[in-house]
Amino acid sequence: MNINRQWLLSKRPEGMVTRENFEYAETPIPEAGAGEVLVRNLFLSFDPTQRGWMVDRPSYLPPVAIGAPMRAGSVGQVMASQHSDFEVGDIVQTTGGWQDFVVAAPGQGPMGLTKLPAGVPPEMMLSVLGITGLTAYFGLLDLGMPKPGETVLISGAAGATGSVAGQIAKIKGCRVVGIAGGPEKCAWLKEEAGFDAVIDYKAGDVDGQIKASCPDKFDVFFDNVGGDILEAALNHMNLKARIVLCGGISGYNATEPAPGPANLMNLITLRARMEGFIVLDYMPRAGEAIEQLLAWIQAGDLKFQVDLQEGFDQIPETLQRLFTGQNLGKQLLKIADPI
Ligand code: NAP
């Protein structure tokens with residue numbers, strides 16, 4: 001291969017992100033300079049936050065520029081190295097973007113450049129041991145502070161982040177209730193992930209379903225969805241509840257700002273706390289989380305699912321899968337095999 005295939009951001013989305021927001025391009029393979037390596041992407045990570053990166057507004061990372069390759073986390077293989085810590089053939093994690101090749105260096109970009117720990121496959125590094133696993137770990141434990149016997153409610157529960165957050169809450173001795181879309185995802189949560197109760201929000205009356213599934217109300221709500229589900233949950237808090245604002249995917253493709261929950265004042269009467277976070281702030285502590293998550297996986301206490309798509313041409317549609325709920329577990333796409 002002597003070209004670098006790319007998907008460039010060509011048009012900022014209004015409403016649902018589609019293939020029309022991107023343009024296919026072929027460019028020469030870039031060269032690594034001093035202190036850099038040339039990486040060939042093998043697996044791309046798909047994350048709801050990519051929809052936010054497409055919008056021209058201030059956020060925790062700058063927006064992707066029009067005409068630039070779409071930003072994405074990746075695992076790839078080092079093809080050329082001008083950095084003494086990396087050798088040709090190393091499997092690395094970086095922010096490779098929607099393209100075959102990227103020039104990367106440690107400390108550059110949101111994910112820097114790191115070698116995969118020995119024995120850890122790319123699919124695991126980009127899911128349960130990657131951004132979504134770390135988000136679940138730090139969001140639930142640092143902000144949610146679950147205690148044994150408490151009830152933990154999770155929205156987006158069958159997804160990459162929610163399913164890990166719920167299982168960690170189980171490991172910590174909590175009663176865990178998950179909210180997800182459809183019978184297949186709900187069955188996986190109960191039968192495989194060990195959730196105590198599940199709510200299919202697509203079946204309607206989320207408020208009533210939360211009431212029925214949380215007879216002791218909840219102490220921690222780990223929210224990935226926002227909107228109506230957040231508002232319904234705020235009716236079922238215990239005194240001193242902690243609400244972890246992890247994401248608000250129900251509004252990511254909205255054309256108008258969603259109205260805020262009408263019942264925020266419940267936070268006052270119940271002396272509850274609602275707090276947002278960005279996982280990138282926790283990267284200095286990533287090692288601690290990876291070690292613990294790996295130990296739970298090896299002990300059989302933590303299950304994870306990967307939804308692996310294939311083909312460079314399928315990249316734009318694969319992003320959309322997150323917003324239509326087609327993904328079963330962490331959404332990844334494979335574009336090449338290691339050499
Ligand atoms: P994911 O949960 O694996 O996939 C997204 C899921 O969201 C879909 O499968 C779908 O599940 C659900 N969804 C989509 N549209 C929805 C809607 N309108 N209403 C309700 N549910 C909807 O994705 P993820 O990567 O783990 O991300 C989950 C959340 O965590 C996102 O909000 C993301 O932004 C957030 N996040 C935050 C941080 C941070 O640092 N704060 C880091 C990573 C991720 P159903 O089929 O169940 O609807």
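Buried means a relative accessible area under 20%, exposed means over 50%, and partly exposed lies in between (1.4 Å probe, protein chains only). The model here is predicted, so local features need pLDDT of at least 70, side-chain atom pairs count only at pLDDT 80 or more, and totals for chains, interfaces and linings use all residues. Residues are numbered from 1 along each chain as its sequence is written, and side-chain values use heavy atoms, leaving out hydrogens and water.

Q: Is Tyr24 buried, partly exposed or exposed?
A: Let's start with the number: Tyr24 has a relative accessible area of 36%. That value falls between the cut-offs of 20% and 50%. Tyr24 therefore counts as partly exposed.

Q: What kind of pair do the rings of Tyr24 and Phe312 make?
A: The whole structure holds 9 aromatic pairs. Rings of Phe, Tyr and Trp (its six-membered ring) pair if their centres lie within 6.5 Å; planes under 30 degrees apart are stacked, over 60 edge-to-face, and the rest tilted. The centres of Tyr24 and Phe312 are 6.3 Å apart and the planes meet at 80°, so this pair is edge-to-face.

Q: How many of the 14 residues of helix α3 are buried?
A: Helix α3 runs over residues 131-144 and is mostly covered. Its buried residues include Thr132, Leu134, Tyr137 and Phe138. The number of buried residues in α3 is 12.

Q: Which residue has a polar side-chain atom 2.5 Å from an oxygen atom of the ligand?
A: The ligand is surrounded by 25 residues (a heavy atom within 4 Å). Among the closest are Thr161, Lys185 and Asn327. A polar backbone atom of Ala160 is 2.8 Å from a ligand oxygen, and one of Cys246 is 3.0 Å from a ligand nitrogen. The side-chain atom at 2.5 Å belongs to Tyr201.

Q: Which domains does the ligand lie between?
A: Domain bounds come from an automatic or database domain assignment. Both domains give residues to the shell around the ligand, so the ligand lies between domain 1 (4-127 + 305-334) and domain 2 (131-280).

Q: How far apart in space are Ala80 and Gly311, C-alpha to C-alpha?
A: Ala80 belongs to strand β4 (residues 74-81) and is partly exposed, because its relative accessible area is 31%. In sequence, Ala80 and Gly311 are 231 residues apart. In space, their C-alpha atoms are separated by 24 Å.

Q: What is the relative accessible area of Gln331?
A: Gln331 is found in strand β15 (residues 330-334). Gln331 counts as buried because its relative accessible area is 1%.

Terms used
Helix = DSSP H or I, 4+ residues; strand = E, 2+ residues; numbered from the N terminus. Polar contact = N/O pair within 3.5 Å; in protein donor to acceptor, adjacent residues only side chain to side chain.
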